[in-house]
Amino acid sequence: DQMETNNYEETLSYSYYEKTCPKVEEIVKSSLSSMFVLDPTAPAALLRLMFHDCQVQGCDASILLEPSGDQQQFTELDSVKNFGIRKRDLIGSIKTSLETECPKQVSCSDVIILAAREAVALTGGPRIAVPLGRKDSLSIYSKHMADSELPPSTADVDITLSLFAGKGMTVEESVAIMGSHTIGVTHCNNVLSRFDNANATSQNLDPRFETFLRVACPEFSPTSQAAKVTFVPNDQTAVIFDSAYYDDAIAGRGNLRIDSEIGADPRTRPFAEAFAADQDRFFNAFSSAFVKLSSYKVLTGNEGVVRSVCDKVDD
Ligand code: HEM
Ligand SMILES: [Ca+2]
Ligand SMILES: [Ca+2]
């Protein structure tokens, strides 16, 4: 009787680690609560990390892989689309604690999702129930795939709605998931294109806010070092997960093109207004969108592995 060798199709489950690592969610939460006290900007980094992992060959922890041996290889992080990705090391620290508690059980891809979930909850957002059981990729990372799959910083409403429709999201959920920009920062190199007059009229850019952006991000070249180290907050309350992002979007105070246009486009504005007026509605739509994004193209069962360290595929 070969109980352990079945190849039944496995799916994500809300009780996946019940027997193999019952304390997993508690361990992720307690590790991150102390890390977030040390660095209140870390939650935003971990939420974005989840998006950028899931967007490139699915939620498989491919974004964590480092070059192996002494080969010269380009990783996902070498893609300019991954500019500003930070705090990948925190996932490694959580994984180390988990290896002590339950060795070789919890995948790095699940840790990324659980860390993003805590990033939302610990900054004042909803506590989202997330199904688990993702496996980590064996295949090698790809800079090329990161270049082609991640949205450009100049993305508009069309690009954004079709990106999220591809993950089964409604327009309401797509507007809600952009509410992730309620925390964190945007570096000036991503803001400078807003000053291009050819685009400005369609972009719902409040003139006083434009003045603020021009002062915060003087017109240096987008590729200069100065533009890569200066930044502006993503909304008025950039360490709190709230609906202030939508107030700003409606008023034309968005840093990126999408952050402003989402508050003006006839397809998205009604939802931005609803979320600005009703935070519960935002949190509910955000939660279902989060589950859709984080279940995108996952590897389960024998399709992937549980890495023992997150930045390497085990030998
Ligand atoms: C069309 C869709 C999107 C575009 C074009 C976009 C673009 C960007 C850009 C250019 C930045 C600034 C990075 C920097 O300068 O350091 C940023 C930051 C951020 N994004 Fe997005 N984003 C999109 C969707 C999302 C989604 C779906 C999430 C999460 C589920 C997300 C979460 C974040 C967070 C939390 C930050 C702040 C990061 C930090 O403070 O380190 N974004 N995004
Ligand atoms: Ca990935
Ligand atoms: Ca906020």
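**Helix packing, domains and ligand shell**

Guide: Helix 7 (residues 171–178) and helix 13 (residues 269–277) pack with their axes 9 Å apart, at an angle of about 55°. The model is a predicted one. Angles under 35 degrees count as roughly parallel and those of 65 to 115 as roughly perpendicular; helix 7 is therefore oblique to helix 13. The crossing of helix 7 with helix 13 is right-handed. On the side of helix 7, the residues involved are Val171, Glu172, Val175 and Ala176, and they meet Phe271, Ala272 and Phe275 of helix 13. Sorted by class, this contact has six nonpolar residues, no polar ones and one charged residue.

A second pair is formed by helix 1 (residues 24–38) and helix 3 (residues 88–101), whose axes come within 10 Å and cross at roughly 140°. Angles over 145 degrees would count as roughly antiparallel, so helix 1 is classed as oblique to helix 3. Helix 1 and helix 3 also cross in the right-handed sense. Helix 1 contributes Val24, Ile27, Val28, Ser31 and Met35 to the contact, while helix 3 contributes Leu90, Ser93, Ile94, Ser97, Leu98 and Glu101. Seven nonpolar, three polar and one charged residues make up the contact of helix 1 with helix 3.

From helix 2, Pro43, Leu46, Leu47, Leu49, Met50 and Asp53 meet Ile112, Ile113, Ala115, Ala116, Ala119, Val120 and Leu122 of helix 4. The contact of helix 2 with helix 4 has 12 nonpolar residues, no polar ones and one charged residue.

The chain is divided into domain 1 (10–150 + 294–303) and domain 2 (157–292), and their centres, taken over C-alpha atoms, are separated by 24 Å. Across the boundary, 16 residues of domain 1 are in contact with 15 residues of domain 2. Helix 2 supplies the largest share of the side of domain 1 that touches domain 2, namely four residues. That side of domain 1 comprises nine nonpolar, six polar and one charged residues.

Ligand 1 is surrounded by 26 residues, of which Ala44, Gly84, Ser180, Gly184 and His187 are the closest. With five residues, helix 2 gives the most. Both domains take part, since the shell draws at least three residues from each of domain 1 and domain 2. By class, the residues around ligand 1 are 13 nonpolar, 11 polar and two charged.

How values were computed:
Residues are numbered from 1 along each chain as its sequence is written. Chains are lettered from A and ligands numbered from 1 in the order in which they are written. This is a predicted model: local features need pLDDT of at least 70, side-chain atom pairs count only at pLDDT 80 or more; totals for chains, interfaces and linings use all residues. A residue is near a molecule or strand if its C-beta atom, placed from the backbone, lies within 6 Å of it. Helices (H or I, at least four residues) and strands (E, at least two) are DSSP runs, numbered from the N terminus. Ala, Val, Leu, Ile, Met, Phe, Trp, Tyr, Cys and Pro count as nonpolar, Asp, Glu, Lys and Arg as charged, and the others, Gly among them, as polar. Two residues are in contact if their C-beta atoms, placed from the backbone, lie within 7 Å. Axes are lines fitted to C-alpha atoms, for helices over the stretch in contact, and angles run from 0 to 180 degrees between N-to-C directions. A crossing is left-handed if the near helix is turned anticlockwise from the far one by less than a right angle, and right-handed if clockwise.
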